Every structure is written in C-alpha cells, then in structure tokens.
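Have a look at the structure below before you read on. I've jotted down some notes to go with it.

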Protein chains: 2
Amino acid sequence: MAEGFADRLMQGIERCGTCACVGIDPVLERLPESLRGGDIADRKRSADLLEQFSKGVIDAVADRVPVIKLNIAFFEPFRGAGVDAYHESVRYAHERGLLVIGDIKRSDIGHSSASYAAAHLIGDGADDDSIPDAVTINGYLGIDGVLPFVEAASNTGRGVFVLVHTSNKSAAQLQHLTLKDDRMVVEEVAALVEAWGQSSIGSSGFSSIGAVAAPGNLEIARKLRSLMPHGIFLVPGFGAQGRSVEQVAACFDEGGRGAIVNASRSVIYAYEEGESSDTTWQESVARACDEFITALKSIHENV
Amino acid sequence: MAEGFADRLMQGIERCGTCACVGIDPVLERLPESLRGGDIADRKRSADLLEQFSKGVIDAVADRVPVIKLNIAFFEPFRGAGVDAYHESVRYAHERGLLVIGDIKRSDIGHSSASYAAAHLIGDGADDDSIPDAVTINGYLGIDGVLPFVEAASNTGRGVFVLVHTSNKSAAQLQHLTLKDDRMVVEEVAALVEAWGQSSIGSSGFSSIGAVAAPGNLEIARKLRSLMPHGIFLVPGFGAQGRSVEQVAACFDEGGRGAIVNASRSVIYAYEEGESSDTTWQESVARACDEFITALKSIHENV
C-alpha cells in the first residue's frame with residue numbers, strides 16, 4: 001500500500017519549496033498559435049490539441065511545482081476524445097513526477113457516486129497512472145455522496161477535496177446562509193469534512209480528505225482553518241481571480257502548512273501578454289510560474 | 001427557435017398519459033447474460049455493451065413513457081469510449097421519439113461551468129440530437145455556477161434540473177439545516193431555483209429550470225411545491241429507493257401536474273427477478289415499465 005495522498009503532497013511541497021499548484025484549464029481558442037495552426041476540424045483533432053497544450057504546460061512547470069490541477073470541464077466538450085485526452089494528460093504529469101488533482105467536482109449518491117469514484121479515483125487500481133492523486137467533489141448530498149470517494153481514496157492512497165467555500169461571488173447565496181445557532185452553512189460543511197477525514201490522517205498530521213476553500217473574508221478563512229485542523233485547503237483564486245496575499249495566508253496553519261494555492265489562467269496563458277519573438281510560449285508559462293511561486297513566498301511571511 | 005423544454009415535456013406527458021421517467025443506470029455486471037456473453041476484455045467492448053443495453057431498454061420503453069434519464073456516472077468508468085456511448089444512447093433515444101434527461105449533476109463556476117454547459121447542454125446547437133433535452137446540476141456554488149446552464153438552456157430550447165432535495169438519507173446533513181429565520185436550507189435553494197427559472201416559463205405555465213426534489217417528509221414536499229410553483233420536479237426514488245405513493249403525490253400541483261417520477265433499477269433490471277425461458281429481457285423491462293406506470297396512476301388519485 002502506497003503512502004496516503006496527504007503525506008505525498010506534503011513531501012512534494014517540502015521538496016519543491018512551494019505550495020503552488022498550476023491549474024490547467026485549456027480553451028481551444030486561447031492555445032498558442034504555434035500549436036493551433038489553421039482551422040480545427042473535429043473533436044478528435046481538438047482534443048489532441050488540448051492534450052498537446054496540457055503536456056506542454058506540464059513540461060514547463062514540472063521542475064517548479066509539486067502538483068497540478070487538471071479541470072475536466074474543459075475536456076468534456078470534445079466528448080470521448082476529450083476525456084481520453086484528460087486521462088492521458090494525467091498520465092503524462094505522473095511521468096514527469098507531478099502529483100495531479102483531477103478537478104471534476106462530481107456529486108451523486110450511492111451507486112452513482114461509487115461509479116464516479118471508480119471512474120476517477122480508482123481506475124485500474126493504485127498503480128493506474130492515468131488516474132489523478134486526488135479529485136474535487138461536491139458535498140451537497142452529505143456523506144452518502146462523499147463516502148464512496150473517501151473509501152476509494154483510502155483504498156488507493158489517493159485523496160479528495162470537498163467543496164466547502166468556493167471562490168466565486170455568489171458562493172454566499174448558499175454557503176454564507178446563517179444557521180439557527182449563528183454559524184454559517186460553510187462552518188457546518190467544514191465540520192463535516194473534518195469528521196469525514198478523521199480516518200485518513202497521515203504521518204504528516206494532515207488528512208487525505210481536504211477542502212476547496214477560498215474565502216474572501218479573513219475572519220471566515222480563520223474560522224474554517226480552525227474547524228479543519230487536519231484538512232489540506234486547496235485554495236483557488238490566486239492570480240486571475242484576484243485573491244490577496246492576506247486572504248490566502250489565512251488558509252495556512254500556524255506553521256505555514258496545510259494549504260496549496262492554485263493559479264490557472266494567469267500562468268498557463270502568460271504568453272498572451274507581451275509575447276515576443278524570442279520567447280517560446282512554454283518559456284512564458286515557466287516564467288509566469290516562477291513569478292507565481294515568488295508571490296506565494298510573501299504569503300509565508302504573512303502567516 | 002424550438003419550443004422550450006418544459007412545454008415539450010408537458011406535451012409528452014399528455015401524449016403518453018404518464019409522467020413516468022425510466023432511468024438508465026447501466027452496470028456491466030448486471031447486464032443480461034444474452035448480451036454479456038463471456039469475458040469482457042477492455043473499455044471499448046464494455047462501453048459497447050452499455051450502449052447496446054441502453055438502446056435495448058430504450059426500445060422497450062419508447063412507446064410507453066415520454067422521457068428517460070441517462071446517468072453518465074455509469075458510463076464514465078469506461079472513459080472516452082464510455083462517454084461516446086452515453087452520447088450515442090442520447091441520440092438513439094431521440095431517434096425513438098423520447099425526451100432525454102442527462103443525469104450529470106455537474107457543478108462549477110464561471111468559465112468551467114460554461115464549458116460543462118457547452119459539453120452537455122449545447123453541443124453543436126439546438127439540432128444536435130446527441131445532447132440531452134435537459135441536465136441535472138448542483139447549485140451549491142450559487143448563480144455563478146447555474147447561470148451558464150440556464151443561458152445554454154434558454155438558447156437551445158433545453159432545460160435544467162437543479163438539485164434541491166435529494167433522495168438519500170444523509171441529504172439532511174446539509175439540506176435540512178435550520179436557518180436563522182427557521183426555514184431549512186432546502187427552502188432557500190427552492191426559492192433560488194424558482195427565481196432562476198422566471199425567464200424560462202413556457203406556455204404550459206412551467207419553467208424549463210426545474211428541481212430534483214425527493215423529500216421523504218410530506219410537509220417538506222408540500223412546502224417545496226409551494227415555493228416552486230413554476231418548477232417541474234424530477235422525483236427520483238420510486239421503486240428501488242422505496243418512496244411511497246403519498247410522498248410522491250405531494251410533489252404534484254393541485255392539477256396533478258408539474259412532476260415527473262423516475263424509476264431506474266426496478267425497471268431496467270426487471271429480468272433479474274423471475275426470469276423465464278420464454279420471456280426476453282426486454283419483455284421483462286417493458287412489463288416492469290407498465291407496472292411502474294400503473295403504480296403512478298394511483299398517485300394521481302391521491303393528489
């Protein structure tokens with residue numbers, strides 16, 4: 001049995017000296033001209049291009065960060081070919097030594113949830129390198145929906161990030177509703193996630209059942225951190241979505257651990273800004289990745 | 001511009017004389033022996049079998065019900081081949097004159113949500129018959145996550161069912177939390193869904209933005225019905241999950257309209273019980289479908 005996801009992630013962060021996660025959200029129209037070429041005729045060709053681009057980004061960041069996040073939403077418009085390109089990109093990232101989070105945000109119950117877990121967290125088992133090391137899921141249906149993923153993670157040494165507090169403005173419509181006892185809905189979800197992760201705590205002190213948490217509000221961030229002492233936070237919204245250093249800093253524990261911070265578009269599309277003829281698109285991505293890592297270092301001075 | 005989903009669904013219900021929806025959750029190990037044959041070697045062959053089974057079920061129920069639900073969770077373990085089998089099954093159901101709900105329960109925000117909507121609700125446009133007429137989505141992220149689907153539905157004459165109250169036991173962990181003003185979380189979600197559907201109300205009086213709602217509690221069912229007067233309820237849990245006639249009846253409006261009721265395993269695996277040598281598996285499915293329709297008729301006597 002391999003080590004659990006939380007411990008492998010913590011080791012990766014230590015080795016790379018950064019908790020930066022690069023998110024790959026490939027959009028056909030934004031791919032580098034050198035990749036795209038002329039007209040794009042069909043789904044298979046489009047999916048091949050997404051795969052090439054994803055692999056190019058992976059090559060550019062593999063020696064810089066411990067982990068990437070692949071968002072399957074951007075592969076699904078190309079149906080079967082797209083989904084195969086997603087799994088092949090997961091495999092390639094593993095070949096390059098990266099940990100991979102599959103951003104799938106699935107949710108269902110019972111048999112259906114178990115089938116999603118089989119598809120995205122088990123595959124052909126712990127050795128299947130085309131399956132990500134962790135996936136994101138939505139906990140609105142409670143433990144019935146979450147348990148199949150938690151069990152799959154436990155059986156394969158993989159992990160789960162449950163959506164707790166998302167980075168969008170309208171997150172508050174449900175997540176900030178005030179409960180009878182004056183807590184917010186997110187606080188209850190956070191308490192559930194901490195409970196669901198109890199049996200998955202590794203030697204690092206963190207659980208392989210973590211949380212997607214990107215509170216814009218400092219007070220909420222601190223509250224969530226205290227409610228999930230064993231949860232690793234996947235913090236989206238750095239870069240293009242504009243989270244501040246202070247907001248992100250509050251997601252770490254007192255030792256400056258327990259979170260990874262994701263940037264997607266600000267890194268992977270860096271070549272769109274100030275492209276020059278003597279810099280390849282991958283060099284631009286690598287430079288943006290380095291800038292992202294540098295920006296994150298200042299967070300730890302704020303913890 | 002085609003008619004909206006809600007109106008097409010209401011016409012289908014009228015034409016067939018039933019609001020029964022057959023859910024297709026194909027599991028390889030449960031397929032009829034006559035289909036399965038011997039060992040199943042690879043993902044492509046497995047996906048082909050799921051597609052054959054789904055088409056067989058579609059043939060068995062096409063003249064009986066107005067609408068089916070295809071759950072993509074059961075296709076995804078077979079990756080690209082599985083997803084292509086799902087879309088081909090959607091296409092075939094349309095060829096047989098059925099409306100199709102894609103049970104995908106996706107959730108994300110902004111660009112990601114738009115990409116899911118493009119994949120599952122737009123495809124190549126309103127004429128793309130391999131795209132379902134409506135999909136299920138998860139509203140935990142608020143309107144930012146929902147809007148791309150609502151817009152896609154509006155632009156293509158398709159529809160959306162937002163998860164409001166799911167049929168599982170642990171649904172209560174989040175959905176039944178009591179808010180400061182004594183309402184439950186589901187009541188707020190129901191109010192949001194009603195608001196999100198206001199611009200999609202058709203001549204039938206119903207909106208193409210509906211709700212997955214399967215309250216086990218009669219009082220909650222009546223409350224949700226009154227909070228979503230324009231919402232069509234997709235009610236799961238009849239049959240294998242064991243909802244009673246009274247519980248389901250409360251999901252309809254006073255005129256006995258405004259809901260479709262789904263049964264999956266109790267219909268599509270009917271051949272597992274009392275298989276006889278002179279009945280094909282499809283005849284068993286057809287008979288179970290007829291029994292389901294008959295059981296539903298008693299609901300309308302309870303409205």
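Here are my points, going from the whole chain down to single contacts.

1. First, keep in mind that this is a predicted model. Everything below describes that prediction.

2. Let's start with chain A as a whole. You'll find twelve helices and eight strands in it. Its radius of gyration is 19 Å, close to the 19 Å that the globule rule gives for 303 residues, so chain A is as compact as a globular protein of that length. Along the principal axes, its C-alpha atoms fill a box of roughly 60 × 45 × 40 Å.

3. How much of chain A is buried? Of its 303 residues, 60% count as buried. As for contacts in chain A with a separation of 6 or more, 74% of them come from residues 24 or more positions apart.

4. Now switch to chain B and trace the strands. Eight of them close into a barrel, in the order β1-β2-β3-β4-β5-β6-β7-β8, and the pairing is parallel. On average, neighbouring strands of this sheet are turned by 30 degrees against each other, direction ignored.

5. Zoom in on one pair of strands. In chain B, β1 (residues 20-24) pairs with β2 (residues 67-71) in the parallel sense, over four bridges.

6. Elsewhere, helix α6 of chain B (residues 143-156) lies across β4, β5 and β6 of chain B, at about 145 degrees to β5(B).

7. That α6(B) also has a helix partner. It packs with α5(B) (residues 110-122) at an angle of about 30 degrees, the axes being 8 Å apart. The crossing of α5(B) and α6(B) is right-handed. Residues making the contact include Ala114(B), Ala117(B) and Leu121(B) from α5(B), and Pro148(B), Phe149(B) and Ala152(B) from α6(B). By class, this contact has eight nonpolar, four polar and one charged residues.

8. Finally, see where the two chains touch. Here 46 residues of chain A are in contact with 47 residues of chain B. On the chain A side, the elements giving two or more residues are α4, α5, α6, α7 and α8. Which of them gives the most? That's α5(A), with seven residues. Sorted by class, the chain A side has 21 nonpolar, 15 polar and ten charged residues.

Technical notes:
Residues are numbered from 1 along each chain as its sequence is written. Chains are lettered from A and ligands numbered from 1 in the order in which they are written. This is a predicted model: local features need pLDDT of at least 70, side-chain atom pairs count only at pLDDT 80 or more; totals for chains, interfaces and linings use all residues. The radius of gyration is taken over C-alpha atoms; the globule rule is 2.2 Å times the number of residues to the power 0.38. A residue is buried if 20 or more other C-beta atoms lie within 10 Å of its own, exposed if 12 or fewer, and partly exposed in between; C-beta atoms are placed from the backbone. Two residues are in contact if their C-beta atoms, placed from the backbone, lie within 7 Å. Two strands pair if DSSP finds at least two bridges between them. Axes are lines fitted to C-alpha atoms, for helices over the stretch in contact, and angles run from 0 to 180 degrees between N-to-C directions. Ala, Val, Leu, Ile, Met, Phe, Trp, Tyr, Cys and Pro count as nonpolar, Asp, Glu, Lys and Arg as charged, and the others, Gly among them, as polar. A crossing is left-handed if the near helix is turned anticlockwise from the far one by less than a right angle, and right-handed if clockwise.
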